[in-house]
Amino acid sequence: MEITGIEVWKDIKIRLKEELDADIFDTYFSGINEVYKESNNLIYLIVDNLFIKTRIQNNYISRLNKLLSDYYAVAHSFMLVTKNEVEEEKEKKNLETERNNFSKVNNSGLNPNYTFSTFVVGDSNRFAHRYATLVADQLSTVANPVYIFGDVGLGKTHLMQAIGNYILESKPELSVLYIRTQDFVEEYVKCGSRDGYDKFSAKFENIDVLLVDDVQFLESKKQCQLEFFKIFEKLTGNKKLIVLTSDKKASELREIMVRLTSRFEWGITLDINKPDKTHRISILNAKLKQETPNPEIMPEEVIDYIATVCESNIRELEGALKRVLFYCEAFSLEYNLENAREALKNVVSFAAAVGNSIAPTEEIKKMFSVISTYFKIGQDDLLSNSRKKDIVYARQMCWYIMRTKYDLTFQKIGDIFNGKDHSTIMHGCQIIDSESKHEGETKKNVENILRKMGKDPNAV
Ligand code: ADP
Ligand code: MG
């Protein structure tokens with residue numbers, strides 16, 4: 001009979017206990033009691049956290065694999081996965097099954113966590129939220145269709161699914177279907193024949209509430225739009241509720257037939273905007289309660305910091321919070337500002353780096369956009385460490401303007417640019433300064449850029 005991974009591990013654990021210091025054994029190995037999976041001659045052990053994983057990987061893995069060779073004729077190895085990684089993988093699998101279930105009409109495809117109770121209301125989404133609850137309660141008598149639009153990561157999918165979840169719960173006799181437009185298009189393309197198309201649209205006939213996410217993906221898909229139009233007509237004709245989301249207003253959708261976009265505007269349009277800082281802080285506090293049983297471990301100033309650096313997107317905001325929590329937990333660190341900064345060092349994005357400066361944010365952003373267009377260089381390149389000549393020059397131009405027009409310190413500018421040293425910034429500014437003192441390319445560039453930014457080049 002074949003020996004299982006867990007049996008082997010139990011045996012090896014006894015041997016390790018004999019050969020290692022008690023301290024080391026207790027810290028790293030005594031808590032490993034589970035095998036996640038075995039495949040391709042790999043045995044995956046579950047460890048508590050990243051710290052233990054890294055330590056074992058760096059110091060003990062070859063010893064472990066050597067011990068393992070006593071049990072198998074063919075070479076086997078141990079792999080280490082943290083509890084978090086196991087959770088993440090499971091979540092991914094759930095998501096896939098959810099997607100595969102799309103074809104089954106009686107499965108709503110909704111994520112049960114996207115409810116009104118987990119949706120934090122603030123100025124940016126108050127109206128949309130209010131109206132969504134009304135629609136969830138009274139269905140198509142309020143407005144039909146409901147068109148939710150806003151930038152990525154601001155809660156469109158969440159709000160739409162909250163409507164669906166509410167209806168499922170309050171009126172369980174109704175059938176609710178959530179679909180992503182990408183899946184709709186893919187399924188449609190797969191049909192291949194008229195017969196196939198008929199079967200496809202028949203699936204939607206008995207739906208009471210249809211939730212279609214990201215309709216901008218219908219752009220340029222002529223045939224698919226036609227099919228969608230028919231479904232839309234039939235459902236709205238029967239007073240069935242349709243909710244749509246998009247990253248654009250209906251009137252701004254391109255390459256979509258007008259009879260469809262104009263239908264999108266028949267009902268009500270709800271827009272969701274960026275949350276302000278107070279709203280971001282309430283969202284973080286709400287998420288913190290979901291993530292940990294003791295939310296008080298996180299000091300207010302850390303929440304404030306995360307809310308300051310992640311300003312444009314709730315998904316990012318959530319991600320940053322999880323990252324800080326995970327980082328401090330994995331390395332047994334205190335939840336303080338310094339460690340939060342360290343945890344977010346590589347993820348604080350362009351906008352956040354700029355937004356976190358003391359400068360008038362909008363103007364600095366404008367400067368980045370003007371310089372980027374002027375030199376035909378991406379904004380991310382400006383902030384990168386690339387040493388390409390033209391990029392370096394454009395980057396120095398940014399520093400010079402930030403220093404002379406916005407009075408930012410060399411240190412602050414350095415912080416924004418990947419933590420560069422203040423002497424590097426000073427040197428860059430001096431180069432542009434001396435070149436712009438006499439007639440020539442650089443002088444012209446500075447003047448043109450300032451003009452495009454709406455500033456007077458001659459003002460001091
Ligand atoms: P979109 O569909 O607009 O790209 P999502 O609905 O997927 O954005 O939201 C991104 C993430 O942010 C999700 O995890 C969602 O739960 C969360 N989120 C968005 N808005 C809110 C909110 N008002 N309150 C709580 N969480 C929110
Ligand atoms: Mg979405």
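These questions and answers cover a predicted model, its ligand site and some of its local features.

The model is predicted: local features need pLDDT of at least 70, side-chain atom pairs count only at pLDDT 80 or more, and totals for chains, interfaces and linings use all residues. Residues are numbered from 1 along each chain as its sequence is written, chains are lettered from A and ligands numbered from 1 in the order in which they are written, and side-chain values use heavy atoms, with hydrogens and water left out.

Reader: How many helices and strands does the protein have?
Author: Helices (H or I, at least four residues) and strands (E, at least two) are DSSP runs, numbered from the N terminus. The C-alpha trace spans about 85 × 70 × 45 Å along its principal axes. Its secondary structure comes to 22 helices and eight strands.

Reader: What percentage of the 460 residues is buried?
Author: Buried means under 20% relative accessible area, exposed over 50%, and partly exposed in between (1.4 Å probe, protein chains only). By that rule, the buried share of the 460 residues is 45%.

Reader: How far apart are the C-alpha centres of domain 3 and domain 4?
Author: Domain bounds come from an automatic or database domain assignment. That assignment gives domain 1 (5–100), domain 2 (110–271), domain 3 (277–348) and domain 4 (354–459). Between the C-alpha centres of domain 3 and domain 4 the distance is 31 Å.

Reader: Which residues are closest to ligand 1?
Author: A residue is near a molecule if one of its heavy atoms lies within 4 Å of it. Ligand 1 is surrounded by 17 residues. The closest are Val120, Gly153, Thr157, His158 and Glu318.

Reader: Which domains each give at least three residues to the shell around ligand 1?
Author: By class, the shell has six nonpolar, six polar and five charged residues. Here Ala, Val, Leu, Ile, Met, Phe, Trp, Tyr, Cys and Pro count as nonpolar, Asp, Glu, Lys and Arg as charged, and the others, Gly among them, as polar. The domains that each supply at least three residues are domain 2 (110–271) and domain 3 (277–348).

Reader: Which side chain lies 2.9 Å from a nitrogen atom of ligand 1?
Author: A polar contact is a pair of N or O atoms within 3.5 Å; within protein, one must be able to donate a hydrogen and the other to accept it, and residues adjacent in sequence count only if both atoms are side-chain atoms. For the nitrogen atom, the N or O atom at 2.9 Å belongs to the side chain of Lys287.

Reader: What percentage of the area of ligand 1 does the protein bury?
Author: Accessible areas come from the Shrake-Rupley method with a 1.4 Å probe; for residues, only the protein chains shown count as cover. Taken alone, ligand 1 exposes 550 Å². Helix H7 (156–170) and helix H14 (314–330) are the elements that give two or more residues to its shell. The protein buries 94%.

Reader: Which peptide bond is cis?
Author: Most residues other than glycine have a negative phi, and most peptide bonds are trans. Pro145 lies in the loop between helix H6 (126–138) and strand S4 (146–149). The bond with omega near 0 degrees runs from Asn144 to Pro145.

Reader: Is Leu139 buried or exposed?
Author: Leu139 is found in the loop between H6 and S4. Its phi is near 55 degrees, a positive value in a residue other than glycine. With a relative accessible area of 18%, Leu139 is buried.

Reader: Is Ser220 buried or exposed?
Author: Ser220 is found in the loop between strand S6 (209–213) and helix H10 (222–237). Ser220 is not a glycine, yet has a positive phi of about 65 degrees. At a relative accessible area of 54%, Ser220 is exposed.
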